[in-house]
Amino acid sequence: MPRLCSLLTAATLCGLSSSFEYNTFDGEGHPSCYNVTAVYDARSVGEIADLVKDAARKGLQVRAGGKGHMWYDTQCSDDETVIIRTEYVNNIWDLDLDAGTVMVEAGVTFFQLAEYLHDNGANIGTGLVNWNISLGGSIAMGAHRTSLREDAVVVGGVLALDLIDGKGKIQHIERDESDDDWLAASTSLGLLGIIVKIKLRVFPETKVWAMQKTLDEDDVLDGDIYGMISPYLTANLWWWPYKRKFHWRYYDSVPVDESNQEGFQSTFSVTELEAVAARTLLDSGKYLPSSNWLMEEIFFGLWNKPNFHDKSTDKEITEWPVYGYNYDVLIGGLYPDQKPEWDYDLRGYTLELAFPVARANEMLKRVRKLFDAEAARLIFMTSTYRSGINIKFSKPHYDFLGQATYDTVDGQDWSKGTIMFDFPSYRPTVGDQKRYNEQFFTKRSTTNGVESCTV
Ligand SMILES: Cc1cc2nc3c(=O)[nH]c(=O)nc-3n(C[C@H](O)[C@H](O)[C@H](O)COP(=O)(O)OP(=O)(O)OC[C@H]3O[C@@H](n4cnc5c(N)ncnc54)[C@H](O)[C@@H]3O)c2cc1C
Ligand SMILES: *[C@@H]1O[C@H](CO)[C@@H](O)[C@H](O)[C@H]1NC(C)=O
Ligand SMILES: *[C@@H]1O[C@H](CO)[C@@H](O)[C@H](O)[C@H]1NC(C)=O
């Protein structure tokens with residue numbers, strides 16, 4: 001009987017309207033598109049081309065769908081749209097370690113690629129972000145790691161792209177900074193068509209070492225921020241505004257035989273017990289600021305310790321520095337028997353803004369002033385995210401729409417790179433799901449909401 005009812009309901013709704021909402025990986029209640037008429041799980045590049053041609057004939061919009069890890073509803077226009085998912089278009093071939101190249105299809109995830117490369121004695125250097133996100137989606141959105149010394153944007157490692165244009169034709173674009181097609185395609189926000197094939201640069205496998213120190217807020221606000229980040233393979237800061245502290249994390253390569261340790265990082269793993277405790281306290285923080293203060297204290301304490309386990313024994317690693325293979329240390333994944341925090345309804349909003357790194361101190365001091373202005377009203381700004389406020393960096397990368405581009409009309413000096421201020425905060429599961437002091441965030445958000453970050 002229930003089954004019959006739901007069939008009838010579906011039929012009735014279909015009669016009224018044939019379009020529906022498409023959600024991010026967070027599922028129901030987290031739409032990324034509002035007017036979707038069909039979602040296809042394509043199985044090959046040829047099938048994607050056919051689907052695009054068909055949609056073009058019907059006058060429908062087309063958007064690619066990767067793993068749905070976007071945070072906000074920036075994927076589609078309001079017109080009727082067909083979504084073509086790339087998850088099952090995920091071949092990897094032609095690894096050539098001597099030439100330093102590999103071919104991948106757009107649906108390949110970092111997780112999948114890293115495993116394949118590691119098994120073959122290679123890695124993708126610093127052009128990597130989170131583990132279960134597609135290469136196509138990351139290149140389209142200008143996703144990035146954090147480094148001033150090395151390429152930080154994923155597209156920094158791309159040598160050529162094939163994308164399917166609005167007519168269903170394959171366009172091959174080689175990396176060439178004097179070519180407008182390349183400059184547009186290298187961060188397209190998915191608007192030029194569906195990226196299907198990517199030629200990537202790869203490197204021989206290395207080991208990496210990770211180190212972290214705790215600093216007083218003033219040591220960063222008045223410090224040589226460029227000098228703290230630029231010497232390293234990858235480095236970043238995490239800000240704990242209530243405690244007035246920073247964590248400073250930095251990584252570099254070491255010879256493969258320098259250490260036997262095989263550290264494996266996890267940013268998102270939680271046990272059920274931890275998750276339920278965190279959710280209860282964080283939800284109460286919607287109404288009670290003292291819960292947020294306490295939460296920042298707890299998160300800070302947890303983040304002080306290495307968020308690494310030994311890869312083979314799953315035992316906690318308790319001391320810095322930590323050593324391990326490139327991908328395991330820079331990204332890692334989930335610990336066995338734990339789940340990502342979002343599987344326990346721990347989700348965030350975020351606000352990410354980019355500034356020239358040449359003005360890093362000025363920007364952070366300005367933010368401190370804004371926080372202090374709240375404190376004057378007895379509202380103490382806290383971080384309700386497990387790793388604090390993310391302060392990331394990117395070496396300059398020239399393209400038309402990327403965050404780390406330069407030679408912009410604003411006349412600012414972006415040539416030394418970009419500092420990104422990424423303020424994630426807990427999204428309450430109770431009431432209207434707005435945060436304590438919500439107006440602070442809405443006031444500040446000329447939201448560049450397409451991404452956030454944690455690595
Ligand atoms: C917990 C978390 C941590 C994150 N950490 C980082 C981080 O460290 N650094 C960072 O930069 N970002 C980070 N992100 C953001 C993430 O990198 C981007 O949202 C990325 O675009 C997601 O890729 P996806 O495969 O899930 O794509 P989707 O979310 O499915 O799609 C994102 C957009 O890209 C378009 N798109 C997808 N595939 C293609 C394609 N093949 N061709 C053309 N357009 C396409 C889609 O139409 C859509 O507009 C994080 C996100 C989350 C949720
Ligand atoms: C969907 O798009 C069509 C036009 O393409 C428009 O007429 C309709 O109002 C839209 N529906 C929604 C829910 O936005
Ligand atoms: C990756 O994401 C898919 C959903 O797209 C999910 O089914 C799978 O379990 C995830 N894998 C890992 C290792 O998290």
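This is a predicted model: local features need pLDDT of at least 70, side-chain atom pairs count only at pLDDT 80 or more; totals for chains, interfaces and linings use all residues.
Which residue has a backbone oxygen that lies 2.8 Å from a polar atom of the side chain of Gln212? The residue is Trp303, whose backbone oxygen sits at that distance from the Gln212 side chain.

- Gln212 belongs to strand β12, which covers residues 207-216, and with a relative accessibility of 6% it counts as buried.
- Because buried means under 20% relative accessible area, the 6% computed for Gln212 places this residue in the buried class.
- Besides the backbone oxygen of Trp303, at 2.8 Å from a polar atom of the Gln212 side chain, there is a side-chain partner: the side chains of Gln212 and Arg249 make a polar contact at 2.8 Å.

- Asp328 is found in helix α10, made up of residues 326-330, and at 8% relative accessibility Asp328 counts as buried.
- The side chain of Asp328 is joined by a polar contact of 3.2 Å to the side chain of Lys311.
- Leu346 lies in a loop, namely the one between β19 (339-340) and β20 (348-349), and with a relative accessible area of 10% Leu346 is buried.
- Although Leu346 and Tyr385 are 39 residues apart along the chain, their C-alpha atoms are separated by 9.6 Å.

**The largest nonpolar core**

- The largest nonpolar core contains 81 residues, and those with the most contacts inside it are Leu237, Trp239, Leu364 and Ile391.
- Helix α11, which runs over residues 360-375, provides the largest share of this core, with 6 residues.
- Domain 2 (92-204) and domain 3 (207-445) both contribute residues to the core, so this core lies between the two domains.

**The surroundings of ligand 2**

- Ligand 2 is surrounded by Asn35, Asp78, Asp79 and Glu80, and when these neighbours are sorted by class, the shell has no nonpolar, 1 polar and 3 charged residues.
- The side chain of Asn35 has an N or O atom 2.4 Å from an oxygen atom of ligand 2, while a polar side-chain atom of Asp79 lies 3.5 Å from an oxygen atom of this ligand.
- Glu80 takes part through its backbone, where an N or O atom lies 3.2 Å from an oxygen atom of ligand 2.
- Taken alone, ligand 2 exposes 370 Å², and the protein buries 40% of that area.

**The surroundings of ligand 3**

- Around ligand 3 are Lys67, Glu87, Phe111, Trp131 and Asn132, a shell that by class has 2 nonpolar, 1 polar and 2 charged residues.
- Lys67 has a polar side-chain atom 3.1 Å from an oxygen atom of ligand 3, and an N or O atom in the side chain of Trp131 is 3.4 Å from an oxygen atom of ligand 3.
- For Asn132, a polar side-chain atom lies 2.4 Å from an oxygen atom of ligand 3.
- On its own, ligand 3 has 360 Å² of accessible area, of which the protein covers 47%.

How values were computed: Residues are numbered from 1 along each chain as its sequence is written. Chains are lettered from A and ligands numbered from 1 in the order in which they are written. Side-chain values use heavy atoms; hydrogens and water are left out. A residue is near a molecule or strand if one of its heavy atoms lies within 4 Å of it. A polar contact is a pair of N or O atoms within 3.5 Å; within protein, one must be able to donate a hydrogen and the other to accept it, and residues adjacent in sequence count only if both atoms are side-chain atoms. Accessible areas come from the Shrake-Rupley method with a 1.4 Å probe; for residues, only the protein chains shown count as cover. Ala, Val, Leu, Ile, Met, Phe, Trp, Tyr, Cys and Pro count as nonpolar, Asp, Glu, Lys and Arg as charged, and the others, Gly among them, as polar. A nonpolar core is a set of buried Ala, Val, Leu, Ile, Met, Phe, Trp, Tyr and Cys residues joined through side-chain atoms within 4.5 Å. Buried means under 20% relative accessible area, exposed over 50%, partly exposed in between (1.4 Å probe, protein chains only). Helices (H or I, at least four residues) and strands (E, at least two) are DSSP runs, numbered from the N terminus. Domain bounds come from an automatic or database domain assignment.
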